[in-house]
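Subject: Structure for your review

Dear colleague,

Please find below the structure that I am handing over to you.

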Amino acid sequence: MIKSNQPVISVVIPTRDRGELFTKAVKSVFDQTYTNIELVVVDDNSATPPVINNAPEHVAVKYHRNDKAVGGAISRNTGAALSKGEFICFLDDDDYYHATKLQTLYEQLSADSSLSVVFGRIVKLSEPERRMDKKYLDEHGIIKSPEAIKYLHTNSSLIRREVFEDIRFDETLQKFQDTQLHIELICNEKCKYVDEDVAYWNDKHGLAQITDMKTQESHIRSLVNFRKMFTNLAKRQRISKRYHLVLYSKYLVMLRNYKRQFGNVAGITLSNLDVVCLHVVRLASFLLGKRA
């Protein structure tokens with residue numbers, strides 16, 4: 001590895017049987033303009049272990065294989081624990097970085113020691129013109145509302161190591177662990193957004209993704225994990241009571257939409273409060289002229 005005056009940035013890629021998509025993701029790390037990178041690949045027990053060839057001199061590569069498939073949250077935390085960089089970021093194995101991603105975000109963090117994390121623009125290939133709503137930012141680009149998370153992505157950040165180690169991904173979540181991380185960052189740290197393309201969300205490749213909502217089981221998984229996410233955040237006092245209520249309200253809307261689509265709430269455990277509040281949401285929808 002060539003010597004560099006820049007600090008090490010660790011890029012963690014969890015992967016499982018992604019083939020050429022993984023190769024493209026890795027190449028986007030190799031092609032970065034930043035010159036001191038550590039790539040940590042966590043193989044989540046792929047049937048065919050990934051091949052990592054032709055790493056450039058400015059990228060050191062580490063490879064770890066899980067003994068069994070454990071999912072994204074544990075794999076990302078494992079990769080971060082194995083890394084040594086002063087800054088940490090993540091890349092999904094079916095997505096890829098813009099060539100200047102690391103340099104762009106590093107310059108922001110190095111210019112302001114009070115910043116904990118910087119986010120850039122994620123380009124969603126199915127919706128490339130979608131941009132951050134500026135009402136969630138102050139005049140300096142500091143994120144002032146957790147509602148900004150709808151414009152953020154796991155691939156689009158650069159985080160100071162000590163900040164990530166204090167939060168980490170919630171390993172009890174099969175889904176929404178990226179949302180959990182971003183909420184905790186915004187609610188508890190100083191976070192900045194820069195309106196520059198830094199990564200590409202490849203949601204058009206046709207293979208299975210954790211965000212897919214094609215089956216009743218996937219809807220149930222989303223409901224269960226969303227409820228667990230904000231419940232865990234509240235228990236750890238990482239969100240305010242007000243924002244806990246906001247997230248609970250969103251959960252009720254998700255429940256209402258689930259009932260509309262499938263005709264019942266079978267497979268989901270509801271408390272007495274959930275049942276009462278769900279009726280209130282449905283009544284409010286009816287009174288507002290929407291189908292309940």
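The notes below set out what was found, beginning with the basis of the values.

This is a predicted model, in which local features need pLDDT of at least 70 and side-chain atom pairs count only at pLDDT 80 or more, while totals for chains, interfaces and linings use all residues. Residues are numbered from 1 along each chain as its sequence is written, and side-chain values use heavy atoms, with hydrogens and water left out.

Helices and strands are DSSP runs numbered from the N terminus (helices: H or I, at least four residues; strands: E, at least two). Helix α6 (residues 216-235) packs with α7 at an angle of about 165 degrees, and their axes are 10 Å apart. Axes are lines fitted to C-alpha atoms, for helices over the stretch in contact, and angles run from 0 to 180 degrees between N-to-C directions. The two helices, α6 and α7, are therefore roughly antiparallel (an angle over 145 degrees). Contact means heavy atoms within 4.5 Å; by this criterion, residues of α6 including L223, F226 and F230 meet a set in α7 that includes L247, Y251 and L255. The residues of this contact comprise 12 nonpolar, 5 polar and 2 charged (nonpolar: Ala, Val, Leu, Ile, Met, Phe, Trp, Tyr, Cys and Pro; charged: Asp, Glu, Lys and Arg; polar: the others, Gly among them).

A nonpolar core is a set of buried Ala, Val, Leu, Ile, Met, Phe, Trp, Tyr and Cys residues joined through side-chain atoms within 4.5 Å. Buried means under 20% relative accessible area, exposed over 50%, and partly exposed in between (1.4 Å probe, protein chains only). The largest such core has 48 residues, and I143 and L185 have the most contacts inside it. Helix α7 (residues 241-262) gives the most to this core, with 7 residues. Another core, of 29 residues, lies apart from it and has L39, V41, L102 and A199 among its members.

In helix α1 (residues 20-30), the buried residues are L21, F22, A25, V26, S28, V29 and F30. Their cover includes the strands β1 (9-15), β2 (37-43), β3 (59-65) and β5.

Yours sincerely

Notes. Parallel < 35°, antiparallel > 145°, perpendicular 65-115°, else oblique.
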